[in-house]
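Visitor: I'd like to learn how to read a protein model. Could you walk me through one?

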Amino acid sequence: MRLHHFTYILQSRPAKIRKSSIDKYLQRSRQDISEISVDFSRILWYNDLMKISTRFQRSIRSVEGNSILKPGSNNQKLGFKIKSRKWREKRLYSLTLTERETCPKSCHHWEDCYGDNMPFAHRFSIEGLEQKIESEIETLLEKHPQGIVIRLHVLGDFYSVDYVSFWQDMLFKHPELCIFGYSAREGKIANEIRLLNIRFSDRCVIRFSRSNEYNGKDMFAAEEGFEGKSFDCPEQTGKLPSCAACGLCWSVPKTVKFQTH
Ligand code: SF4
(Lines give C-alpha, C1' and ligand atoms only; values in the text may rest on other atoms or scores of the structure.)
Protein backbone atom coordinates (compact mmCIF):
# COMPACT_ATOMS: atom_id res chain seq x y z
CA MET A 1 0.00 0.00 0.00
CA ARG A 2 1.34 3.45 -0.96
CA LEU A 3 1.17 6.79 0.75
CA HIS A 4 -1.43 8.19 -1.61
CA HIS A 5 -3.77 5.41 -0.52
CA PHE A 6 -3.54 6.65 3.06
CA THR A 7 -4.20 10.20 1.92
CA TYR A 8 -7.24 9.01 0.05
CA ILE A 9 -8.58 7.20 3.11
CA LEU A 10 -8.06 10.22 5.33
CA GLN A 11 -9.70 12.58 2.88
CA SER A 12 -12.82 10.44 2.73
CA ARG A 13 -12.91 9.91 6.49
CA PRO A 14 -15.84 11.61 8.27
CA ALA A 15 -14.55 14.51 10.36
CA LYS A 16 -15.69 13.13 13.71
CA ILE A 17 -13.66 9.94 13.49
CA ARG A 18 -10.88 9.78 16.03
CA LYS A 19 -7.40 10.18 14.59
CA SER A 20 -5.97 6.78 13.91
CA SER A 21 -2.55 5.30 13.58
CA ILE A 22 -2.72 6.22 9.90
CA ASP A 23 -2.49 9.87 10.89
CA LYS A 24 0.65 9.16 12.87
CA TYR A 25 2.23 7.52 9.87
CA LEU A 26 1.40 10.53 7.77
CA GLN A 27 3.06 12.86 10.23
CA ARG A 28 6.36 11.11 9.60
CA SER A 29 8.72 11.98 6.80
CA ARG A 30 7.33 10.82 3.48
CA GLN A 31 10.64 9.11 2.73
CA ASP A 32 10.06 6.85 5.72
CA ILE A 33 6.89 5.51 4.20
CA SER A 34 7.49 3.50 1.09
CA GLU A 35 5.24 0.55 1.77
CA ILE A 36 3.06 -0.32 4.74
CA SER A 37 0.75 -3.25 5.04
CA VAL A 38 -2.73 -2.46 6.27
CA ASP A 39 -5.53 -4.69 7.49
CA PHE A 40 -8.44 -3.05 5.66
CA SER A 41 -11.04 -5.04 7.55
CA ARG A 42 -10.09 -3.22 10.73
CA ILE A 43 -9.75 0.28 9.28
CA LEU A 44 -12.46 0.91 6.73
CA TRP A 45 -15.91 1.06 8.27
CA TYR A 46 -17.20 3.13 5.38
CA ASN A 47 -16.54 3.19 1.67
CA ASP A 48 -16.74 6.11 -0.74
CA LEU A 49 -20.50 6.13 -0.60
CA MET A 50 -21.66 5.04 2.80
CA LYS A 51 -20.95 3.47 6.17
CA ILE A 52 -20.67 -0.29 5.90
CA SER A 53 -19.78 -1.56 9.38
CA THR A 54 -19.48 -0.51 12.99
CA ARG A 55 -17.44 2.60 13.63
CA PHE A 56 -15.79 0.68 16.49
CA GLN A 57 -13.80 -1.83 14.47
CA ARG A 58 -11.72 -2.89 17.45
CA SER A 59 -14.84 -4.04 19.25
CA ILE A 60 -15.44 -6.82 16.70
CA ARG A 61 -14.61 -10.18 18.25
CA SER A 62 -14.07 -13.56 16.72
CA VAL A 63 -16.42 -16.21 18.14
CA GLU A 64 -13.47 -18.48 18.84
CA GLY A 65 -12.43 -18.47 22.48
CA ASN A 66 -15.24 -16.10 23.52
CA SER A 67 -18.62 -16.59 25.16
CA ILE A 68 -20.99 -14.96 22.75
CA LEU A 69 -24.33 -15.32 24.53
CA LYS A 70 -24.09 -12.75 27.31
CA PRO A 71 -26.21 -12.95 30.46
CA GLY A 72 -28.78 -10.16 30.73
CA SER A 73 -27.27 -9.34 34.12
CA ASN A 74 -24.46 -7.66 32.13
CA ASN A 75 -26.97 -5.21 30.71
CA GLN A 76 -29.19 -3.24 33.06
CA LYS A 77 -31.85 -2.74 30.43
CA LEU A 78 -32.23 -6.47 29.81
CA GLY A 79 -32.15 -8.07 33.28
CA PHE A 80 -31.63 -11.78 33.82
CA LYS A 81 -34.41 -13.68 35.60
CA ILE A 82 -37.68 -13.38 33.73
CA LYS A 83 -40.60 -12.26 35.86
CA SER A 84 -43.25 -11.75 33.21
CA ARG A 85 -46.03 -14.35 33.16
CA LYS A 86 -44.97 -15.67 29.79
CA TRP A 87 -41.54 -17.31 29.94
CA ARG A 88 -41.36 -16.77 33.72
CA GLU A 89 -38.24 -18.11 35.46
CA LYS A 90 -36.27 -18.53 32.25
CA ARG A 91 -32.94 -16.71 32.08
CA LEU A 92 -32.30 -13.97 29.60
CA TYR A 93 -29.20 -13.89 27.39
CA SER A 94 -28.33 -11.64 24.47
CA LEU A 95 -26.47 -11.83 21.22
CA THR A 96 -24.74 -8.86 19.60
CA LEU A 97 -23.60 -8.91 15.99
CA THR A 98 -21.86 -6.24 13.97
CA GLU A 99 -24.19 -3.43 13.00
CA ARG A 100 -24.48 -2.57 9.29
CA GLU A 101 -22.47 -5.67 8.23
CA THR A 102 -25.49 -7.83 9.07
CA CYS A 103 -28.23 -5.24 8.50
CA PRO A 104 -30.32 -4.27 5.47
CA LYS A 105 -29.24 -1.02 3.85
CA SER A 106 -32.88 0.04 3.92
CA CYS A 107 -32.77 0.36 7.73
CA HIS A 108 -34.00 3.83 8.78
CA HIS A 109 -31.15 4.04 11.26
CA TRP A 110 -28.36 3.18 8.86
CA GLU A 111 -26.80 6.62 9.29
CA ASP A 112 -27.49 7.07 13.00
CA CYS A 113 -27.43 3.50 14.29
CA TYR A 114 -27.46 3.44 18.07
CA GLY A 115 -24.36 1.24 17.85
CA ASP A 116 -22.57 4.49 16.99
CA ASN A 117 -22.87 5.32 20.69
CA MET A 118 -21.84 1.89 22.01
CA PRO A 119 -18.04 1.83 21.90
CA PHE A 120 -17.76 -0.88 24.55
CA ALA A 121 -20.21 -3.44 23.16
CA HIS A 122 -18.52 -6.58 21.87
CA ARG A 123 -19.77 -7.38 18.39
CA PHE A 124 -19.29 -10.93 17.14
CA SER A 125 -18.22 -11.70 13.63
CA ILE A 126 -20.39 -14.21 11.77
CA GLU A 127 -17.56 -16.58 10.90
CA GLY A 128 -18.28 -19.81 12.79
CA LEU A 129 -21.15 -18.05 14.56
CA GLU A 130 -23.91 -20.61 14.19
CA GLN A 131 -21.83 -23.55 15.41
CA LYS A 132 -20.75 -21.52 18.42
CA ILE A 133 -24.29 -20.39 19.27
CA GLU A 134 -25.49 -23.98 19.06
CA SER A 135 -22.85 -25.22 21.46
CA GLU A 136 -23.49 -22.37 23.91
CA ILE A 137 -27.25 -22.97 23.84
CA GLU A 138 -26.64 -26.61 24.79
CA THR A 139 -24.39 -25.61 27.66
CA LEU A 140 -26.78 -22.94 28.92
CA LEU A 141 -29.77 -25.25 28.80
CA GLU A 142 -27.90 -27.72 30.98
CA LYS A 143 -27.24 -24.93 33.41
CA HIS A 144 -30.82 -23.58 33.26
CA PRO A 145 -33.17 -26.54 32.72
CA GLN A 146 -36.16 -24.19 33.08
CA GLY A 147 -35.03 -22.61 29.81
CA ILE A 148 -33.41 -19.55 28.36
CA VAL A 149 -34.57 -16.59 26.31
CA ILE A 150 -32.16 -15.04 23.83
CA ARG A 151 -32.54 -11.41 22.83
CA LEU A 152 -31.57 -11.16 19.16
CA HIS A 153 -29.75 -8.91 18.20
CA VAL A 154 -28.71 -6.08 20.49
CA LEU A 155 -26.85 -4.82 17.42
CA GLY A 156 -27.09 -6.28 13.94
CA ASP A 157 -29.87 -8.22 12.24
CA PHE A 158 -30.71 -11.54 10.58
CA TYR A 159 -28.13 -11.61 7.82
CA SER A 160 -29.43 -14.44 5.59
CA VAL A 161 -32.27 -16.86 5.00
CA ASP A 162 -29.99 -19.67 6.17
CA TYR A 163 -29.38 -17.86 9.41
CA VAL A 164 -33.15 -17.64 10.02
CA SER A 165 -33.34 -21.38 9.27
CA PHE A 166 -30.60 -21.93 11.81
CA TRP A 167 -32.84 -20.39 14.50
CA GLN A 168 -35.68 -22.56 13.34
CA ASP A 169 -33.49 -25.62 13.87
CA MET A 170 -32.54 -24.39 17.33
CA LEU A 171 -36.17 -23.83 18.33
CA PHE A 172 -37.13 -27.21 16.98
CA LYS A 173 -34.31 -28.95 18.78
CA HIS A 174 -34.66 -27.16 22.13
CA PRO A 175 -38.22 -26.87 23.48
CA GLU A 176 -37.00 -24.74 26.41
CA LEU A 177 -35.43 -22.13 24.14
CA CYS A 178 -37.24 -18.85 23.39
CA ILE A 179 -36.10 -15.91 21.29
CA PHE A 180 -37.24 -12.33 20.84
CA GLY A 181 -35.96 -9.25 19.04
CA TYR A 182 -36.50 -6.79 16.24
CA SER A 183 -35.61 -6.82 12.57
CA ALA A 184 -35.48 -4.21 9.84
CA ARG A 185 -35.48 -6.91 7.16
CA GLU A 186 -37.82 -6.94 4.20
CA GLY A 187 -38.26 -9.41 1.34
CA LYS A 188 -37.15 -13.03 1.57
CA ILE A 189 -35.48 -12.82 4.96
CA ALA A 190 -38.53 -11.06 6.42
CA ASN A 191 -40.78 -13.77 5.00
CA GLU A 192 -38.70 -16.44 6.70
CA ILE A 193 -38.87 -14.51 9.96
CA ARG A 194 -42.67 -14.34 9.61
CA LEU A 195 -42.81 -18.11 9.20
CA LEU A 196 -40.60 -18.56 12.24
CA ASN A 197 -42.96 -16.37 14.30
CA ILE A 198 -45.91 -18.44 13.11
CA ARG A 199 -44.34 -21.87 13.53
CA PHE A 200 -43.07 -21.12 17.03
CA SER A 201 -45.61 -18.51 18.08
CA ASP A 202 -45.27 -19.36 21.77
CA ARG A 203 -41.45 -19.22 21.76
CA CYS A 204 -40.41 -16.79 19.05
CA VAL A 205 -41.38 -13.12 18.76
CA ILE A 206 -39.45 -11.08 16.23
CA ARG A 207 -41.01 -7.68 15.70
CA PHE A 208 -40.43 -5.70 12.55
CA SER A 209 -38.88 -2.28 13.07
CA ARG A 210 -41.49 -0.15 11.34
CA SER A 211 -44.06 2.39 12.40
CA ASN A 212 -47.12 0.23 11.82
CA GLU A 213 -50.03 -1.01 13.88
CA TYR A 214 -50.40 -4.71 14.61
CA ASN A 215 -52.19 -6.14 11.60
CA GLY A 216 -53.23 -9.53 12.94
CA LYS A 217 -50.03 -11.09 11.58
CA ASP A 218 -46.86 -9.05 11.99
CA MET A 219 -45.85 -7.32 15.20
CA PHE A 220 -43.95 -4.06 15.11
CA ALA A 221 -41.55 -1.81 17.00
CA ALA A 222 -42.17 1.84 16.10
CA GLU A 223 -40.41 5.16 16.57
CA GLU A 224 -41.53 7.58 19.26
CA GLY A 225 -43.44 9.82 16.81
CA PHE A 226 -45.78 6.98 15.82
CA GLU A 227 -49.40 7.88 16.48
CA GLY A 228 -51.12 4.56 15.83
CA LYS A 229 -52.19 2.06 18.50
CA SER A 230 -49.12 1.34 20.58
CA PHE A 231 -47.57 1.39 24.03
CA ASP A 232 -44.38 3.06 25.26
CA CYS A 233 -41.57 0.77 26.34
CA PRO A 234 -41.92 0.80 30.18
CA GLU A 235 -38.17 0.46 30.66
CA GLN A 236 -37.59 3.67 28.72
CA THR A 237 -40.30 5.55 30.61
CA GLY A 238 -38.87 4.34 33.94
CA LYS A 239 -41.96 2.31 34.90
CA LEU A 240 -40.09 -0.99 34.91
CA PRO A 241 -36.40 -1.73 35.35
CA SER A 242 -35.78 -4.20 32.55
CA CYS A 243 -37.10 -6.46 29.81
CA ALA A 244 -36.93 -9.41 32.21
CA ALA A 245 -39.36 -7.59 34.51
CA CYS A 246 -41.59 -6.43 31.66
CA GLY A 247 -41.94 -8.99 28.90
CA LEU A 248 -44.49 -6.99 26.92
CA CYS A 249 -42.53 -7.37 23.69
CA TRP A 250 -43.10 -11.13 23.72
CA SER A 251 -46.46 -11.15 25.50
CA VAL A 252 -48.71 -8.70 23.63
CA PRO A 253 -49.02 -8.12 19.88
CA LYS A 254 -49.63 -4.35 20.11
CA THR A 255 -46.91 -2.17 18.60
CA VAL A 256 -44.18 -1.12 21.06
CA LYS A 257 -42.91 2.42 20.73
CA PHE A 258 -39.30 3.32 21.47
CA GLN A 259 -37.81 6.72 22.13
CA THR A 260 -35.47 7.64 19.35
CA HIS A 261 -31.90 7.42 20.52
S1 SF4 B 1 -41.44 -3.09 26.15
FE2 SF4 B 1 -40.66 -4.36 27.79
S3 SF4 B 1 -39.80 -6.19 26.81
FE4 SF4 B 1 -40.05 -4.62 25.22
S5 SF4 B 1 -38.07 -3.55 25.13
FE6 SF4 B 1 -39.36 -2.40 26.56
S7 SF4 B 1 -38.87 -3.29 28.57
FE8 SF4 B 1 -38.12 -4.74 27.03
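Guide: Let's start with S59, which counts as partly exposed because 18 other C-beta atoms lie within 10 Å. The rule is that 20 or more other C-beta atoms within 10 Å of a residue's own make it buried, 12 or fewer make it exposed, and anything in between is partly exposed, with C-beta atoms placed from the backbone. Keep in mind that this is a predicted model: local features need pLDDT of at least 70, side-chain atom pairs count only at pLDDT 80 or more, and totals for chains, interfaces and linings use all residues. Residues are numbered from 1 along each chain as its sequence is written.

Visitor: Where is the place of S59?

Guide: Helices (H or I, at least four residues) and strands (E, at least two) are DSSP runs, numbered from the N terminus. S59 sits in the loop between α2 (21-27) and β1 (60-61).

Visitor: Which residues does S59 touch, not counting those up to four places away in sequence?

Guide: Two residues are in contact if their C-beta atoms, placed from the backbone, lie within 7 Å. For S59, that gives T54, P119, A121, H122 and R123. Take A121: 62 residues separate it from S59 in sequence, yet C-alpha to C-alpha they are 6.7 Å apart in space.

Visitor: Is R100 buried or exposed?

Guide: R100 is buried, because 25 other C-beta atoms lie within 10 Å. You'll find R100 in the loop between β3 and β4 (123-124). Its phi is positive, about 70 degrees, although R100 is not a glycine.

Visitor: And what is the phi of E89?

Guide: Near 80 degrees, again a positive value in a residue other than glycine. E89 belongs to the loop between β2 (70-71) and β3 (91-94). It counts as exposed, because it has 10 C-beta neighbours inside 10 Å.

Visitor: Which residues touch the most other members of the largest nonpolar core?

Guide: In soluble globular proteins, nonpolar side chains tend to be buried together. A nonpolar core is a set of buried Ala, Val, Leu, Ile, Met, Phe, Trp, Tyr and Cys residues joined through C-beta atoms within 7 Å. Here the largest one has 43 residues, and L92, V149, I150, I179, F180, V205 and I206 touch the most other members. Strand β6 (residues 177-183) supplies the largest share of this core, 5 residues.

Visitor: What is L92 in contact with, leaving aside neighbours within four places in sequence?

Guide: The partners of L92 include F80, I82, V149, C243 and A244.
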